[in-house]
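Q: I'm new to this one, and I'd like a slow walk through it.
A: Let's begin with the pocket and then turn to the helices.

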Amino acid sequence: MENELIIEYSVAPLHRRFGALLVDLFCIVLTAFMLFSLSNMAFRETQWYKDNQAKREEIQAESGLYIENTLISEYYDNDEDTPIREKKDILAYRILSFYSNETFCDSSAMDEYDLRRAEAVTDGVALFTVTAQSISENDVNPEYLYDFYKDEIELHALSYLASYPQYVETNQFILWSSIVQGIIYGTLSLVLFWLVIPLAAFRRGRYSLGRKLFKIAQVGMDGMSLSWWRYTLRFIFIYFVYVILGFGSFTITLIVGLSMMLLSKRNQDLAEYTLNQYSVDGRGVEIYMDIGEYLAAMDNKAKTHLRNEEIKDITNL
């Protein structure tokens with residue numbers, strides 16, 4: 001067609017697209033982590049957090065499994081002054097006290113503990129003697145007994161404490177506050193690097209930092225730089241399909257998008273294919289904002305060409 005406008009670009013090489021993506025992800029993750037760390041420091045000073053932490057520490061102290069907010073086995077691992085025999089006696093006493101505490105344990109906890117003691121063997125040596133009336137330690141290397149008690153606390157006693165309802169609430173508070181902060185600051189970082197910067201700083205080609213570094217522009221099916229609303233639509237698609245839906249579907253949408261980028265003729269991922277957009281090689285080419293700018297540039301080139309021809313004619317006289 002005589003009036004048809006054709007603008008051709010080279011498809012952006014895949015290795016440079018992956019490089020740009022890695023740069024962007026690094027910037028996003030680093031920024032989100034910094035914001036999360038600063039926010040978490042401030043959050044720890046709130047009364048809400050302090051009340052929850054005080055409740056958690058109170059439960060830990062009541063259980064007897066902690067000393068100065070440190071798990072008792074870890075506390076004595078770092079204690080080089082206390083003799084090993086005294087350490088293992090303290091751990092043994094704390095374990096018996098915990099399993100006897102009806103706040104945290106039922107009768108089955110002690111029965112299971114007795115069974116583990118009866119079966120405890122290290123290097124072929126039984127650690128305990130079992131009678132009808134009691135279970136007592138054998139005269140063995142105290143390191144063996146200390147290690148047994150340490151494992152008992154970390155592998156079994158802690159699981160009982162972790163299932164205590166009020167302790168579960170305190171842990172859930174910490175977990176969910178961290179998740180919410182992570183979502184908020186992860187989203188803010190995505191908005192900054194994949195929406196604000198391309199819309200405000202690199203309008204021509206809608207470059208992110210990574211794409212600017214690797215010279216990968218984004219254009220529409222008309223060959224022009226994406227308008228603000230088309231680029232915003234692209235970001236919304238990426239956020240909800242790749243990030244939200246991808247997280248909920250165990251990255252299935254991410255795998256689909258990556259497969260399409262690798263296998264499609266123009267190397268379009270799912271977002272680009274759906275929205276009729278392209279990632280093109282921006283090296284040594286001009287990316288135009290709209291048709292008017294393109295036509296004006298072509299007109300200027302034509303006039304420049306005519307002037308150059310006139311100069312050649314004059315010099316040939």
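Q: By class, how many residues in the lining of the largest pocket are nonpolar, polar and charged?
A: The lining has 26 nonpolar, 6 polar and 5 charged residues, where Ala, Val, Leu, Ile, Met, Phe, Trp, Tyr, Cys and Pro count as nonpolar, Asp, Glu, Lys and Arg as charged, and the others, Gly among them, as polar. This is a predicted model, in which local features need pLDDT of at least 70 and side-chain atom pairs count only at pLDDT 80 or more, while totals for chains, interfaces and linings use all residues. Residues are numbered from 1 along each chain as its sequence is written, and side-chain values use heavy atoms, with hydrogens and water left out.

Q: How much space lies in that largest pocket?
A: About 1100 Å³, taken as the space filled by probe spheres set on grid points joined across faces, edges and corners. A pocket here is an open set of points on a 1 Å grid over the protein atoms alone, where a 1.4 Å probe fits, with protein on both sides within 12 Å along at least five of seven lines, and lining residues have an atom within 4 Å of a point.

Q: Which residues are the closest to its centre?
A: Of the 37 residues lining the largest pocket, Leu25, Leu190, Trp194, Val243 and Leu254 are the closest to the centre.

Q: And which element gives the most to the lining?
A: That is α1, with 11 residues. The elements giving two or more residues are α1 (14–43), α7 (165–200), β7 (216–220), α9 (228–248) and α10 (252–263), with helices (H or I, at least four residues) and strands (E, at least two) being DSSP runs numbered from the N terminus.

Q: New topic: how do α4 and α6 cross?
A: The axes of helix α4 (residues 84–100) and α6 come within 9 Å and cross at roughly 30°, the axes being lines fitted to C-alpha atoms over the stretch in contact, with angles from 0 to 180 degrees between N-to-C directions. That makes α4 roughly parallel to α6, a label for angles under 35 degrees, whereas over 145 counts as roughly antiparallel.

Q: Which residues make the contact?
A: On α4 they include Leu91, Ile95 and Phe98, and on α6 they include Leu145, Tyr149 and Ile153, contact meaning heavy atoms within 4.5 Å. The residues of this contact of α4 with α6 divide into 14 nonpolar, 1 polar and 6 charged.

Q: What about α5 and α6, parallel or antiparallel?
A: The axes of helix α5 (residues 107–119) and helix α6 (residues 142–162) come within 12 Å and cross at roughly 155°, and the two helices are therefore roughly antiparallel. Among the residues in contact are Tyr113 and Arg116 of α5 and Phe148 and His156 of α6.

Conventions:
Angles under 35 degrees count as roughly parallel, over 145 as roughly antiparallel, 65 to 115 as roughly perpendicular and the rest as oblique.
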